[in-house]
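My notes follow in the order I looked things up.

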Amino acid sequence: VAGDLTPHDDTALLRHLVTGSYDPNDKLESNGGIVQPEHISQGKYFNYTIRFQNTGTDTAFTVVVRDTLDQKLDPATFEMISSSHAYDLAINNNRQLVWTFSEINESLSHGQIVYRIKAANTVAVGDTIHNTASIYFDYNLPVLTNNAFTTVKAQPIVLPLHSLRFEGTHVAGTTRLFWTTQGEYNMDRFEVQRSWDGVSCQAVGQV
């Protein structure tokens, strides 16, 4: 916009794993599960979104959302960003957040909460911040959201080589990997790793 004195704050970045169908009651963190150490040292926020939707057989008029902050988050930096409906917010024991939505007059009773918070300054590389929420529709048992994990990982080192080809085959219970590189400098070995979640890896061999 013409005359904008702070154009650097006009962009928001959202990293999110693309999936197929999903539970409408979920919790998301905007960095896609991984942040660099600079995110902590520079005091940047973690942005959380809690979404809820009544999938029961009748209208729910009162919705209560409970969220206990991870010990690695700093409750003093908590800020509400937005919500889909008017709410009452209570903060118990400095970490237990309770939103109460009264008389949501629609059959699906759906909506969302968006807030932001900073990590404690003691969070280090390798630490994981975990959060989940419980959603109560009227007097029913709570619906639990997914586990929102965010891990602090150091920037990976760029290796002194170029990858030309990488292929794999799986035959009769055996997996064979083939790769071709060029430009290696002061290289000692290749380490083959595997991962089940795309975050943590386990070494399975060396070449």
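**Salt bridges and the sheet around them**

I began at Asp188, which is exposed at a relative accessible area of 62%. My classes are buried for under 20% relative accessible area, exposed for over 50%, and partly exposed in between, with a 1.4 Å probe and protein chains only. Its partner is Arg189: the two side chains meet in a salt bridge, 2.6 Å from N to O. Arg189 is partly exposed, with a relative accessible area of 44%. By salt bridge I mean a side-chain nitrogen of Lys or Arg within 4 Å of a carboxyl oxygen of Asp or Glu.

Ground rules, before going on. The model is predicted, so I note that local features need pLDDT of at least 70 and side-chain atom pairs count only at pLDDT 80 or more, while totals for chains, interfaces and linings use all residues. Residues are numbered from 1 along each chain as its sequence is written, and side-chain values use heavy atoms, with hydrogens and water left out.

**Whole chain**

I counted secondary structure next.

Then I checked the dimensions. The C-alpha trace spans about 65 × 55 × 40 Å along its principal axes. The radius of gyration is 22 Å, whereas a compact globule of 207 residues would have one near 17 Å. That radius is taken over C-alpha atoms, and the globule rule is 2.2 Å times the number of residues to the power 0.38.

Surface came after that. Of the 207 residues, 27% count as buried. The accessible surface comes to about 13,900 Å², and 52% of it belongs to carbon and sulfur atoms. Those areas come from the Shrake-Rupley method with a 1.4 Å probe; for residues, only the protein chains shown count as cover.

I also looked at contacts, meaning heavy atoms within 4.5 Å. Among contacts with a separation of 6 or more, 61% are between residues 24 or more positions apart.

**The four-stranded sheet**

Which order do the strands of the open sheet take? I read S1-S3-S8-S5, four strands with antiparallel pairing. S1 and S5 each have a single partner strand and stand at the edges, so one side of each lacks a neighbour in the sheet. The twist averages 25 degrees from one strand to the next. Axes for that angle are lines fitted to C-alpha atoms (for helices over the stretch in contact), and angles run from 0 to 180 degrees between N-to-C directions. Two strands pair if DSSP finds at least two bridges between them.

I went through S3 (residues 45-52) on both sides. S1 (residues 26-29) runs antiparallel to S3, joined by four bridges. Leu28 stands opposite Thr49, and Asp26 has Arg51 as its bridge partner in S3. S3 also pairs with S8 (residues 111-119), antiparallel again, over eight bridges. There, Phe52 has Gly111 as its bridge partner in S8.

The faces of S3 split by residue. Phe46, Tyr48, Ile50 and Phe52 make the covered face. Tyr45, Asn47, Thr49 and Arg51 make the uncovered one.

**Salt bridges across strands**

How many salt bridges does a search of the whole structure find? It finds five.

One of them joins the side chains of Arg51 and Asp26, at 2.6 Å from N to O. Arg51 is in S3 and Asp26 in S1, so the pair ties together parts 25 residues apart in sequence. Arg51 is partly exposed at 23% relative accessibility. Asp26 is buried at 7%.

I also logged Arg116 with Glu79, whose side chains meet in a salt bridge at 3.0 Å, N to O. Arg116 lies in S8 and Glu79 in S5 (residues 73-83), 37 residues apart, and the pair links these distant parts of the chain. Both ends are partly exposed: Arg116 at 26% relative accessibility and Glu79 at 30%.

**A loop to flag**

Last, I checked backbone angles. Asn93 is not a glycine, yet it has a positive phi of about 55 degrees. Asn93 sits in the loop between S6 (88-92) and S7 (96-101). Its relative accessible area is 66%, so I log Asn93 as exposed. Asn94 is in the loop between S6 and S7. Asn94 has a positive phi of about 70 degrees, and it is not a glycine either.

How values were computed. Helix = DSSP H or I, 4+ residues; strand = E, 2+ residues; numbered from the N terminus.
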